Structure formats: C-alpha cells, structure tokens
Amino acid sequence: MAGRPRKPEHLKVVKGTHKPSRDNARRPKTKPVRAEELVAPLGLSAEAQAWHAKITKHLTSMKVLSAQDELLVDQMVETFDMMVNCKKSIENEQAVAAETGQRYSIIQKVVTKTGGTMVRVRPEITLMNELRRQLLAMMMQCGLTPATRAKVNAQGEGQQADLFEEFLVQGGAK
C-alpha cells in the first residue's frame, strides 16, 4: 500500500472533513467473530500456536476481527513463526561460534568476484529484520500498536455501525 492508510469515516465526520460524495455507502458490513472460531494454521510451532490464540483473543476483545480477516491473522502468525525460527537459527550460530571460541558478528566479510572484500550484514539478520517489518505492518493494520489503536473502527455485536448515518439520525447535521 502506498501512502497513508485511509482514515475511518467516523473520524472524518468528527473533524468536519467528511464528504458524502466520497463515502462508500455499499462498503461491506461484517459480523464480529469469536476467538474460538479461528483455528491456527497447520504446521506452526507451539510458540506460534500460543501466539495465535493470544492475538485472536486480543482482536476479538477489541471487536475488530471478522471471519474475513482470518487470512490476515494466519499470515501474521506465520510471519511471527518464521521470525522466531530465524531468531533460533541465529542463536544456534551464536552458540556454535561460542563453542569454537569465536565471536558471532551480525556482519560478515564477503570476497567478491574480483578478489576484493565487502562487508555485508548476514542474510539471516536481514531476513529477520524484514520479517519484523512485515509483522509490524500487519499488526498496525489490526490496530495492535498504541499509535494505531486509537484509529481502529470497532464492530458492534451485530454489524458494523454506519457512524455517519447514526450521526445524521441523531440530529448532528441540524
């Protein structure tokens, strides 16, 4: 996604920048899902399965999770699992280096085709950092960071409320 994320409609109404011509009146209204309804993907580590249960519990308590979001949660948990595996691989390399009396470094010297040397970040460190960025982006989409939590549009017990319509019905546009 390029640029800033879209601002929820109710925030536009409150700030006075809402334009009915730009409102999507036919946007899908989804029902919230219970944490028990979402099953962790197969093949995850025990740690990732526990994280799946925890994350779905948080999202369902915030009332931002619907059945349509199951794929996003699965991707988030799988990314978390890959990041944990990457970290374990780095820890294993650190242990091997310690056993041989060497110091593990996050950088390595690489010999080029011309015979010179270049200093590069180890690939496993680069991969783990990329996985962290992806995980953070997915968490932000769900409102799981302090900065994005305030911008989350929570669902009601049945369908997601059309807050602009409620505003008009309650006489806010007199």
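Helices (H or I, at least four residues) and strands (E, at least two) are taken as DSSP runs, numbered from the N terminus. The views below come from a predicted model, in which local features need pLDDT of at least 70, side-chain atom pairs count only at pLDDT 80 or more, and totals for chains, interfaces and linings use all residues. Residues are numbered from 1 along each chain as its sequence is written, and side-chain values use heavy atoms, with hydrogens and water left out.

**View 1. The chain as a whole, with its six helices and two strands.** Read from the N terminus on, the elements follow the order α-α-α-β-β-α-α-α. Of the 174 residues, 29% count as buried; here buried means under 20% relative accessible area, exposed means over 50%, and partly exposed lies in between (1.4 Å probe, protein chains only). Among contacts (heavy atoms within 4.5 Å) with a separation of 6 or more, residues 24 or more positions apart account for 63%.

**View 2. Helix α3 and its buried residues.** With 30 residues, α3 reaches 43 Å from its first C-alpha to its last, close to the 44 Å expected at 1.5 Å a residue. That expected span is 1.5 Å times one less than the number of residues in the helix. Look along α3 for its buried residues: Val-73, Asp-74, Met-76, Val-77, Thr-79, Phe-80, Asp-81, Met-83, Val-84, Cys-86, Ile-90 and Ala-97. They pack against α2 and α4. Just after α3 comes Gly-101, with a positive phi of about 80°.

**View 3. Helix α2 and its buried face.** This helix spans residues 46–61, 16 residues in all, and reaches 23 Å between its first and last C-alpha, close to the 22 Å expected at 1.5 Å a residue. Its buried residues are Ala-48, Trp-51, His-52, Ile-55, Thr-56, Leu-59 and Thr-60. Seen down the axis of α2, they fall within an arc of 155°, so they line one face of the helix; the arc is that of the directions from the helix axis to the C-beta atoms. On the other side, you will find Ala-46, Lys-54, Lys-57 and Ser-61 exposed. The buried residues of α2 pack against α3 (70–99) and α4 (123–141). Lys-63 follows α2 and has a positive phi, near 60°.

**View 4. Where α2 meets α3.** Two packed helices are described by the angle between their axes and the distance between the axes. For α2 and α3 the angle is about 140° and the axes are 10 Å apart. Axes are lines fitted to C-alpha atoms, for helices over the stretch in contact, and angles run from 0 to 180 degrees between N-to-C directions. From α2, the residues involved are Glu-47, Ala-48, Trp-51, His-52, Ile-55, Thr-56 and Leu-59. Their partners in α3 are Val-73, Asp-74, Met-76, Val-77, Phe-80, Asp-81, Val-84 and Lys-88.

**View 5. Val-39, in the loop between α1 (9–15) and α2.** At 57% relative accessibility, Val-39 counts as exposed. Leaving aside residues up to four places away in sequence, Val-39 touches His-52, Glu-70 and Asp-74. Val-39 and Asp-74 are 35 residues apart in sequence, and their C-alpha atoms are 8.9 Å apart in space.

**View 6. Helix α4 and what covers it.** The 19 residues of α4 reach 27 Å from first C-alpha to last, close to the 27 Å expected at 1.5 Å a residue. Buried here are Glu-124, Ile-125, Met-128, Leu-131, Leu-135, Met-138 and Met-139. They cover an arc of only 150° around the axis, which puts them on the same side of α4. Pro-123 and Arg-133, on the other side, are exposed. The cover over the buried residues of α4 includes α2, α3 and β2 (117–121). Gly-143 follows the helix, with a positive phi near 80°.

View 7. A search of the whole structure finds zero disulfides, a disulfide being a pair of cysteine sulfur atoms within 2.5 Å.

**View 8. Ser-105, in the loop between α3 and β1 (107–111).** Ser-105 is partly exposed, with a relative accessible area of 22%. Ser-105 and Glu-93 are twelve residues apart along the chain, and their C-alpha atoms are separated by 9.9 Å.
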